[in-house]
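Have the sequence and the model open side by side. We will take a few places in turn.

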Amino acid sequence: MCSTCGCDQPGGVTITRAGEDQVQFSPLTPGSGSPLAYPHQHGHSHDTRVIEMEMDILGKNDARARHNRDHFRKQGILAFNLVSSPGSGKTALLERTLNDLKNDHRFYVIEGDQQTMNDANRIAATGVEAIQINTGKGCHLDADMIHRALHNLSPANDSILFIENVGNLVCPALFDLGENARVAIISVTEGDDKPLKYPDMFASSQLCIINKIDLLPYVNFKVERAKEYARRANPSIQFLELSATTGLGMSSWYQWLEKRIAERKQEAVLV
Amino acid sequence: MHELSIVMSIVDLAEEQVKKHQAREVDRIELDIGTLAGIEFDALDFAWDAGVKHSVLASAERQINRIEGKMRCMKCGREFTVTEPFQPCPDCNDYLNEFIQGKELRVKSLTMKF
């Protein structure tokens, strides 16, 4: 699936490992290659036939997401899809998490941005393997991009994979990547009505992290109001309040992760 | 603007079907799109022309069946129509609602030219 209109332009999706300067250009053209690959005659037949399809438009993405999920399950990998607006602190949250936990668990990171290797390089500086997907004009990651990134990254069994989606609270909501859980991040420097404005993202997330709480005294963000709005979209969503910069509340996030890891081990025993 | 990738997915589906049925191109395409599917209809319009260019859908007539959002209140059981994904029950003002319809995103039918 091409997430851009620029299928035929350079600037499509690229997948690059942190530390490599060789960019792999991977065009994601719709269908198979040439736009004129389909039967293309110029006769004047008027024979038409209706084909009832009832086919899900996102069916291909969902099938690829199932494939990724299956792959994660077989390898005991826990995958988290981190979604938020730009600037909410996803990368800072990851940097601190990786620095604090990298001796306890094996981590991998897939970074999604329209342009630059900046985030993958920030992650690589922590010593964790990172791969950057540049979506070009695309506004979200899709399951096929993750699939191809996985083949490049080859995460080890029983590891934890963080997928940092493109900063955008709208489009990524629609695209299942095969993750075990989706984590929405909002920061207190944004409006506390974000969950009302972008309900789809909160409806499809299992956890909502409220970041930058060290700045609460200086902003007009009401934590309880934000939570109430998010619960309207998703009555079962969980919340954590923390500051990735100061470290305040990070232990609650680590406990949440450890719980997921314990659950995964439990499932592995049952299988 | 994920509408563009939605259009590209529709083009993919149509190309596959045209190939499978050995048709020439698509004369008409019928889509079911729910008003809660996360699709901006104007953006879809905008993306359509660029997306279908040089494809089997290039000259296809497009019909979109808009499917309105419907929820059922889990407290009182009332069914009500919604225009946004999360609206409270008009009777009990509760947000705990069961989704009935409105998230459809599918190609209903294709009329192919041979």
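Predicted model: local features only at pLDDT ≥ 70, side-chain atom pairs only at ≥ 80, totals over all residues.

Start with helix 2 of chain B, residues 41–52. The helix has 12 residues. From first C-alpha to last, helix 2 reaches 16 Å, close to the 16 Å expected at 1.5 Å a residue. Now look at its buried residues: B:Phe41, B:Ala43, B:Leu44, B:Ala47, B:Trp48, B:Gly51 and B:Val52. Viewed down the axis of helix 2 of chain B, these buried residues fall within an arc of 145°, so they line one face of the helix. What covers them? The cover includes helix 1 (3–20), strand 1 (25–34) and strand 2 (61–67) of chain B. Turn to the face pointing away from the buried side. There sit the exposed residues B:Asp42, B:Phe46 and B:Asp49. Just after helix 2 of chain B comes B:His54, with a positive phi of about 60°.

Move to chain A. A:Asn134 belongs to strand 6, residues 129–134. Is A:Asn134 buried or exposed? A:Asn134 is buried, because its relative accessible area is 8% and buried means under 20%. Its side chain reaches the backbone oxygen of A:Thr116 at 3.1 Å. Leaving aside residues up to four places away in sequence, A:Asn134 touches A:Gly12, A:Val13, A:Thr14, A:Asp113, A:Gln114, A:Gln115 and A:Thr116.

Finish at A:Asp193. This residue lies in the loop between strand 8 (181–187) and helix 5 (194–197) of chain A. A:Asp193 is partly exposed, with a relative accessible area of 26%. A:Asp193 and A:Phe221 are 28 residues apart in sequence, and their C-alpha atoms are 9.0 Å apart in space.

Note on methods. Residues numbered from 1 in each chain as written. Chains lettered and ligands numbered in written order. Heavy atoms only, no water. Helix = DSSP H or I, 4+ residues; strand = E, 2+ residues; numbered from the N terminus. Expected span 1.5 Å × (residues − 1). Buried < 20%, exposed > 50% of the residue type's maximum accessible area, 1.4 Å probe, protein only. Arc of directions from axis to C-beta. Contact = heavy atoms within 4.5 Å. Polar contact = N/O pair within 3.5 Å; in protein donor to acceptor, adjacent residues only side chain to side chain.
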